[in-house]
Amino acid sequence: MMPLRFEDVRLDCGYRIDILVENSLVLELKSIDSLNDIHLAQTLTYMKLGGYRFGLLMNFNVLRLKDGIRRVVNGY
C-alpha cells in the first residue's frame, strides 16, 4: 500500500499498486473490454505519488497480449 501524503501529513488511506518491480516500474493490471483514459489516469496517479518514472498498463482481455499493453512515462 502506498500512503498518501498531503502538506507533510501522512494519510494511511493510501493507494494499492498492483505490482511494483524493483522499486521503479509500476504495473497496473486489468481484464476489461478496453483501456480508457481513467485507467491511464489511475496509473499516472500511482507513478506521480510514488515518484516512479515508468509504468505499464496491461489489459489481459485481448486476443494478443501485445495489443493490451500500454507504456506510460511520468513527466513527458
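Okay, a quick definition to start: a residue counts as buried under 20% relative accessible area, exposed over 50%, and partly exposed in between, with a 1.4 Å probe and protein chains only. One caveat: this is a predicted model, so local features need pLDDT of at least 70 and side-chain atom pairs pLDDT 80 or more, while totals for chains, interfaces and linings use all residues. Numbering runs from 1 along each chain as its sequence is written, and side-chain values use heavy atoms, with hydrogens and water left out.

So, the overall layout. We have 1 helix and 6 strands in the protein chain, and from the N terminus they go β-β-β-β-α-β-β. Those are DSSP runs, numbered from the N terminus: helices are H or I with at least four residues, strands are E with at least two. Of the chain's 76 residues, 25% count as buried. Take contacts (heavy atoms within 4.5 Å) between residues at least 6 apart in sequence: 47% of them join residues at least 24 apart.

Now the helix, H1. H1 covers residues 37-50, so 14 residues, and spans 20 Å from first C-alpha to last, close to the 20 Å expected at 1.5 Å a residue; that expectation is 1.5 Å times one less than the number of residues.

Which residues of H1 are buried? His39, Leu40, Thr43, Tyr46 and Met47. They sit on the same side of H1, because their arc around the axis is only 125°, going by directions from the axis to the C-beta atoms. Over on the other side, Asp37, Ile38 and Lys48 are exposed.

And just past H1, Gly51 has a positive phi, about 75°.
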